[in-house]
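Please look over the sequence and the fold shown here before reading on.

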Amino acid sequence: MDVSLVERVFPFFVEAAWITIEISVLALALGLVVAFLIGAAKMSRSFLLRAFGTAYVSLFRGTPCLIQLFVLYFGGPQIGINLEPFAAGVIGLGLNIGAYMAESIRGAVLS
């Protein structure tokens, strides 16, 4: 077994694992904030807030997460939003997670 290959690539795996943990924690934090806001909007007495919350959840739960990330990262510059890959990943995953958690929060409050 060629141990030198493992020694060369191991630092890259550690760095990638650390970046994955950073993105996951930040996206979950953003998703929790979004979930509380959207969950509150879906339980609001205001028709506009309920409609916005329903449309948000339907959009983000109804489209694949990878497509959402592509639209955010590659489509953003078309309308003047230039994001670094890390920021686009955190924002895209956070918005997606928020839609799923909003339904959980809404259901928990209603029960």
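What follows is a short report on a few local features of this structure.

This is a predicted model, in which local features need pLDDT of at least 70 and side-chain atom pairs count only at pLDDT 80 or more, while totals for chains, interfaces and linings use all residues. Residues are numbered from 1 along each chain as its sequence is written, and side-chain values use heavy atoms, with hydrogens and water left out.

**Two helices that cross**

Two packed helices are described by the angle between their axes and the distance between the axes. Helix H3 (residues 65-75) and helix H4 (residues 85-110) have axes that come within 9 Å and cross at roughly 135 degrees; helices here are DSSP runs of H or I with at least four residues, numbered from the N terminus, and the axes are lines fitted to C-alpha atoms over the stretch in contact, with angles from 0 to 180 degrees between N-to-C directions. This angle makes H3 oblique to H4, a word kept for angles that are not under 35 degrees (roughly parallel), over 145 (roughly antiparallel) or 65 to 115 (roughly perpendicular). On the H3 side, the contact (heavy atoms within 4.5 Å) is made by Cys-65, Gln-68, Leu-69, Leu-72 and Tyr-73, and the residues of the contact of H3 with H4 divide into eight nonpolar, four polar and no charged.

**Aromatic pairs**

A search of the whole structure finds four aromatic pairs, where rings of Phe, Tyr and Trp (its six-membered ring) pair if their centres lie within 6.5 Å, and planes under 30 degrees apart count as stacked, over 60 as edge-to-face and the rest as tilted. Two of the pairs are set out below.

| Pair | Centre to centre | Angle between planes | Kind |
|---|---|---|---|
| Phe-52 and Tyr-56 | 6.4 Å | 35 degrees | tilted |
| Tyr-73 and Phe-74 | 4.9 Å | 75 degrees | edge-to-face |

Because Phe-52 and Tyr-56 are four residues apart in helix H2 (residues 47-62), they are separated by about one helical turn. Phe-52 is partly exposed at 49% relative accessibility, whereas Tyr-56 is buried at 11%; buried means under 20% relative accessible area, exposed over 50% and partly exposed in between, with a 1.4 Å probe and protein chains only. Phe-52, Tyr-56 and Phe-60 form one aromatic cluster. In the other pair, Tyr-73 is partly exposed at 30% and Phe-74 is exposed at 53%.

**A lysine in helix H1**

Is Lys-42 buried or exposed? Lys-42, which lies in helix H1 (residues 3-42), counts as buried at 18% relative accessibility. Leaving aside residues up to four places away in sequence, Lys-42 touches Arg-50, Gly-53, Thr-54, Val-57, Glu-103 and Arg-106.

Key
Helix = DSSP H or I, 4+ residues; strand = E, 2+ residues; numbered from the N terminus. Nonpolar A, V, L, I, M, F, W, Y, C, P; charged D, E, K, R; others polar.
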